[in-house]
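Thanks, everyone. Please have the sequence and the model open on your screens. I'll go element by element.

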Amino acid sequence: MAIVIDMPKLSDTMEEGVIAKWNVSEGDAVSSGDIIAEVETDKATMDVEVFDDGTVLKLVASEGDAIPLGGIIAIIGDEGEDISDLLDGDSSSASGKEAPAKKEKEPKEVEEEEKEFDPLFGEIEDKDEAGQEESAESADSASDEDGRVKASPLARKMAKEQGISLSKVKGSGPNGRIVKADIEGYKPEEQSPKQQAKSEEKAAPATKPAAAAAVNYEDIPINQMRKTIARRLSESMFTNPHFYETIDIDMKKAVQMRESLNVMPDVKISFNDMVVKACAVALRRHPKINSSWLGDVIRMHKDVHIAVAVAVEDGLLTPVIRDTDRKGFAEIGKEVRELAGKAKEKKLQPDQMEGSTFTISNLGMFGIEEFTAIINPPNACILAVGAIRDVPVVENGEVVPGKRMKVTLSSDHRVVDGALAAQFLQTLRSLLEEPMGMLL
């Protein structure tokens, strides 16, 4: 019996997948566990395997096709088996293409709607008088040379029939709109010889064609990752009431400690690793920051799982460091580098990108001193980390060289209040200004 292979759900936010590559062809024999395709999801390129033995009877989708979850991508079964019923019964969902468009409205319905509504100026005053001829006229008047003049469709029709330019007619309707009575009462003004000559000059055909506007651009197709980034960040920005708090941190001791630790064999700690660790410790002390808004409840997470934003070629991924507060600098650094490498190769698995309770975005390596970040749902907060700056500071009445770093916390005000966010930032600052405390 033929078996339908559907588009599987390969990530928690996936709504459709793009067939990146077929590893089999129609007629090939496959066995349970074989990887038959690679599918581009919103986060990574994932393998699709089969769980039955058989022959590939049909590849319903082609490479590059976007297939919704549950849509048919292939059919396997016994060689020569009739699968016409399967294809006929779900051809639309299998191809990922939309069903045929609905039948257009009957002409009569269209006419009725256009009688009652002017697409530019709303309800038509002269509905009764214009009822027999407005439908076609409305479309014409919107594109004639007087298209920016406010006028009822009937007035436009009368002006056109009588050769009257609407720009010369004074409207008596609401907001100066030209109505039927204005056309009936219109009396052309006599033009001076100079005006007449100017009108004739304007009406004369152009002797040279207008130069075409220069067009130079490239349309870039939107991939699954970019679609998801656009959707999720738009939802976050326009749904979560963001507020921002920034604090300046003295990083002198953090710089010294990092230099001391990195002289040890096989140890490579970055400032980002230290910020991740400091956030994890601060979250343990301020659990309300480590929360999510779920509509009817606020979920305060018992575990600290920090996501770290990683820029990849096609967008942005946020691999998650689980139980971050229980790990040391070296372990955090090693895990961040491994996950960042997988992210750039699109090899992250769904469980490596899900379940974060807090997110960090660091642009310090690009020299960005300060910025704000959009909250990564369902987290309540995200920390934007800037570069460490060499600045003059005053110590004991003298100006001396200093190291400063600005961080900005974006918070969902439904979950976190300003004072709570400030207390978290104070703790974070104290941890980074006395980093030895994080080793205890």
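Start with helix α11, and with its buried residues: Asn272, Asp273, Met274, Val275, Val276, Lys277, Ala278, Cys279, Ala280, Val281, Ala282 and Leu283. Buried means under 20% relative accessible area, exposed means over 50%, and partly exposed lies in between, with a 1.4 Å probe and protein chains only. So 12 of the 15 residues of α11 are buried, and the helix is largely enclosed by the rest of the structure.

Before I go on, the ground rules. This is a predicted model; local features need pLDDT of at least 70, side-chain atom pairs count only at pLDDT 80 or more, and totals for chains, interfaces and linings use all residues. Residues are numbered from 1 along each chain as its sequence is written, and side-chain values use heavy atoms, with hydrogens and water left out.

Helices (H or I, at least four residues) and strands (E, at least two) are DSSP runs, numbered from the N terminus. Back to α11, which covers residues 271-285. How far should its 15 residues span? The expected span is 1.5 Å times one less than the number of residues. That gives 21 Å for α11, and the end C-alpha atoms are 21 Å apart, which agrees.

The charged end of Arg258 sits over the Phe271 ring, 4.5 Å from its centre. The rule there: NZ of Lys or CZ of Arg within 6 Å of the ring centre and within 35 degrees of the ring normal.

Now the whole protein. The count is 13 helices and 20 strands. Of the 440 residues, 41% count as buried. The protein exposes about 25,600 Å², and carbon and sulfur atoms supply 50% of that. Those areas come from the Shrake-Rupley method with a 1.4 Å probe; for residues, only the protein chains shown count as cover. Contact means heavy atoms within 4.5 Å. Among contacts between residues at least 6 apart in sequence, 60% join residues at least 24 apart.

Next, strand β18, residues 358-362. Is it buried or exposed? Five of its five residues are buried, so β18 is largely enclosed by the rest of the structure. In a regular strand the side chains alternate between the two faces of the sheet. Here Phe358, Ile360 and Asn362 point one way, and Thr359 and Ser361 the other.

Which strands pair with β18? Two strands pair if DSSP finds at least two bridges between them. Strand β14, residues 306-308, runs parallel to β18, with three bridges. There, Val308 stands opposite Ile360. Strand β19, residues 381-395, also runs parallel to β18, joined by four bridges. Thr359 faces Ile382 in β19, and Ser361 has Ala384 as its bridge partner.

Follow β19 onward. It pairs with β20, residues 398-412, in the antiparallel sense over 13 bridges. The two form a hairpin with two residues between them. Glu395 has Glu398 in β20 as its bridge partner. In the turn, Asn396 has a positive phi of about 55°.

Now aromatics. Rings of Phe, Tyr and Trp (its six-membered ring) pair if their centres lie within 6.5 Å; planes under 30 degrees apart count as stacked, over 60 as edge-to-face, and the rest as tilted. How many pairs does that give? One aromatic pair. Phe358 and Phe424 form a tilted pair, 5.7 Å centre to centre, with 50° between the planes. Phe358 is in β18 and Phe424 is in helix α13, residues 418-433; they are 66 residues apart, so the pair links distant parts of the chain. Phe358 is buried at 0% relative accessibility, and Phe424 is buried at 0% as well.

Next, the open sheet. Four strands run in the order β1-β8-β6-β3, with antiparallel pairing. β1 (3-6) and β3 (29-30) stand at the edges, each with a single partner strand, so one side of each is left without a neighbour in the sheet. β6 (residues 54-59) and β8 (residues 72-77) share four bridges. Val56 stands opposite Ile76 in β8.

Last stop: Ile178, in the loop between α6 (153-162) and α7 (180-184). Ile178 is buried, with a relative accessible area of 1%. Not counting residues up to four places away in sequence, Ile178 touches several residues, including Val149, Ala155, Leu166 and Ile183. Val149 is 29 residues from Ile178 along the chain, and their C-alpha atoms are separated by 8.2 Å.
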